[in-house]
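Subject: Structure handover

Hello,

Here is the model you asked for, with the notes on it below. Please read them with the structure open.

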Amino acid sequence: MSHPELPSIQRPTAYETWLADEGLRVVEGLYIEDLRTVELGDWARRGCKAAVARLEGAEDVNDAHIIELAPASSTEPERHLYEELVYVVSGRGTTELWNGSDDRTSFEWHAGSLFSVPLNTFSRHHNTSGTEAARFYSVTSAPLVMRLFHNRDFIYDCDFDFTDRFGPQSSFAGDGTAYQRRVWETNFIPDVAGMELKAWEARGAGSTNIMLELADSSMCGHISQFPVGTYKKAHRHTAGAHVIVVDGVGFSLLWAEGDPMQQVHWKAGSIVVPPERWFHQHFNTGTTPARYLALRWGSKKYPVFRNFQIDKPTTQGGDQIEYEDEDPAVRKMFEEELARHGAKSQMVYG
């Protein structure tokens with residue numbers, strides 16, 4: 001029995017429809033040069049200024065909400081069934097969290113703080129400065145959740161309390177648990193720039209790092225730093241790693257295997273999101289160590305996507321290009337950039 005061929009219809013996804021209905025300004029492209037100057041629009045649902053970063057490398061596996069609170073203002077309370085990792089770009093204030101069981105907490109934050117809003121808790125953010133705005137960069141799993149459930153009443157009005165993620169036991173005091181040498185499990189990091197990191201020589205050039213498990217989420221993060229006059233080894237992984245530059249000046253190369261390299265320059269406040277399976281490599285051309293925070297999928301406790309072997313050489317079936325295997329043009333480009341900044345390479349390639 002034959003069936004008539006259905007017409008091809010390009011329909012917006014549930015996430016794209018949500019973006020349009022919310023009236024949100026959308027920021028696209030490969031990277032954001034400076035989070036602090038991104039133009040925002042109004043977001044009635046949250047009662048604040050906002051935009052959504054829907055960058056090429058996120059590929060709708062996640063997104064980021066850039067939220068700004070005017071001086072002495074607050075967001076509207078909200079709960080939702082997508083995860084949310086919040087980095088404070090500027091300003092200071094407090095956040096209230098509570099659930100339907102009347103478990104409650106509040107904590108203070110400032111520029112450089114990082115926290116997670118536990119799944120389906122109510123949250124409300126308050127700017128405690130009477131003169132300065134506060135701005136967040138919140139990486140969320142909204143695109144996946146919107147496409148999976150395509151029912152906003154369920155996403156925003158579900159009354160289930162995830163007591164395994166938030167309850168009387170939850171602490172937002174900045175404490176946590178260390179395990180597996182470079183993993184830190186917590187709900188709140190007071191100061192990403194001052195977090196102590198551990199050596200990870202496999203990533204090259206004096207690299208240091210800490211892996212972050214946040215509020216029992218499936219999304220997670222890491223903080224990495226590398227010294228003056230050095231660069232990290234190229235590697236690739238899944239989509240949706242939002243690399244937020246915390247300190248330093250430099251550039252990154254990004255390329256799909258077999259394609260030309262693309263170069264983007266960064267500074268504190270820049271965002272780079274490498275697309276799925278694109279190699280990328282970060283270079284410090286400044287006079288201070290370069291540090292970045294990556295908010296992403298890849299939890300060790302609750303993995304969702306395929307795990308990449310980001311510190312194993314491609315010659316051994318992994319996803320990292322060793323210095324001796326890289327295109328010689330990479331080193332030449334780095335040394336030319338250093339010369340323009342009046343700096344010298346500190347690389348040892350042996």
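Strand 16 (208–214) is mostly covered, with six of its seven residues buried. Buried stands for under 20% relative accessible area, exposed for over 50%, and partly exposed for what lies in between, with a 1.4 Å probe and protein chains only. Strands here are DSSP runs of E with at least two residues, numbered from the N terminus.

This is a predicted model: local features need pLDDT of at least 70 and side-chain atom pairs count only at pLDDT 80 or more, while totals for chains, interfaces and linings use all residues. Residues are numbered from 1 along each chain as its sequence is written, and side-chain values use heavy atoms, with hydrogens and water left out.

Pairing around strand 16

Two strands are taken to pair if DSSP finds at least two bridges between them.

- Strand 13 (183–186) runs parallel to strand 16, with four bridges between them. Trp184 has Leu212 of strand 16 as its bridge partner.
- Strand 15 (residues 198–199) is antiparallel to strand 16 and is joined to it by two bridges. Here Thr208 in strand 16 is opposite Ala199.
- Strand 17 (219–226) is antiparallel to strand 16, and six bridges join them. Thr208 has Gln225 in strand 17 as its bridge partner.

The hairpin of strand 16 and strand 17 has four residues between the strands, and Ala215 has a positive phi there, near 55°.

Pockets

Rolling a probe the size of a water molecule over the atoms shows where empty space is left. The search uses a 1 Å grid over the protein atoms alone: a cavity is a set of points where a 1.4 Å probe fits but cannot get out, a pocket is an open set with protein on both sides within 12 Å along at least five of seven lines, and lining residues have an atom within 4 Å of a point. Points are joined across faces, edges and corners, and the volume is the space filled by probe spheres set on them.

The largest pocket holds about 600 Å³ of space. Its lining has 32 residues, and those closest to the centre are Met211, Arg296, Gly298, Phe308 and Ile310. Strand 16 and strand 17 each give at least two residues to this lining, as do strand 23 (279–284) and strand 24 (290–297). By class the lining has 13 nonpolar, eleven polar and eight charged residues. In this scheme Ala, Val, Leu, Ile, Met, Phe, Trp, Tyr, Cys and Pro are nonpolar, Asp, Glu, Lys and Arg are charged, and the others, Gly among them, are polar.

The second largest pocket holds about 260 Å³. It is lined by 13 residues, with Ser170, Ser171, Glu185, Thr186 and Asn187 closest to its centre. Strand 12 (176–179) and strand 13 each supply at least two of the lining residues. The class counts are one nonpolar, seven polar and five charged.

Cavity

How many cavities of 30 Å³ or more does the structure hold? There is one. The largest cavity has a volume of about 30 Å³ and is lined by Val243, Val245, Ser252, Trp266, Val272, His282 and Tyr292. Five of these lining residues are nonpolar and two are polar, with no charged residue.

Three strands form an open antiparallel sheet in the order 8-7-10. Strand 8 (104–110) and strand 10 (122–127) are the edge strands, each pairing on one side only. From one strand to the next the twist averages 20°, where axes are lines fitted to C-alpha atoms and angles run from 0 to 180 degrees between N-to-C directions. Strand 7 (residues 92–98) and strand 8 are joined by seven bridges, and Thr95 is opposite Phe107 in strand 8.

Single residues

With a disulfide defined as a pair of cysteine sulfur atoms within 2.5 Å, the count is zero. Cys48 is buried because its relative accessibility is 10%, and Cys220 is buried at 1%.

Val88 is in strand 6 (residues 84–90) and counts as buried because its relative accessibility is 0%. Val88 and Ile66 are 22 residues apart in sequence, and their C-alpha atoms are 9.9 Å apart.

Lys267 is in the loop between strand 21 (262–266) and strand 22 (271–272). At 33% relative accessibility, Lys267 is partly exposed. Its C-alpha atom is 18 Å from that of Ala339, which is 72 residues away along the chain.

Regards
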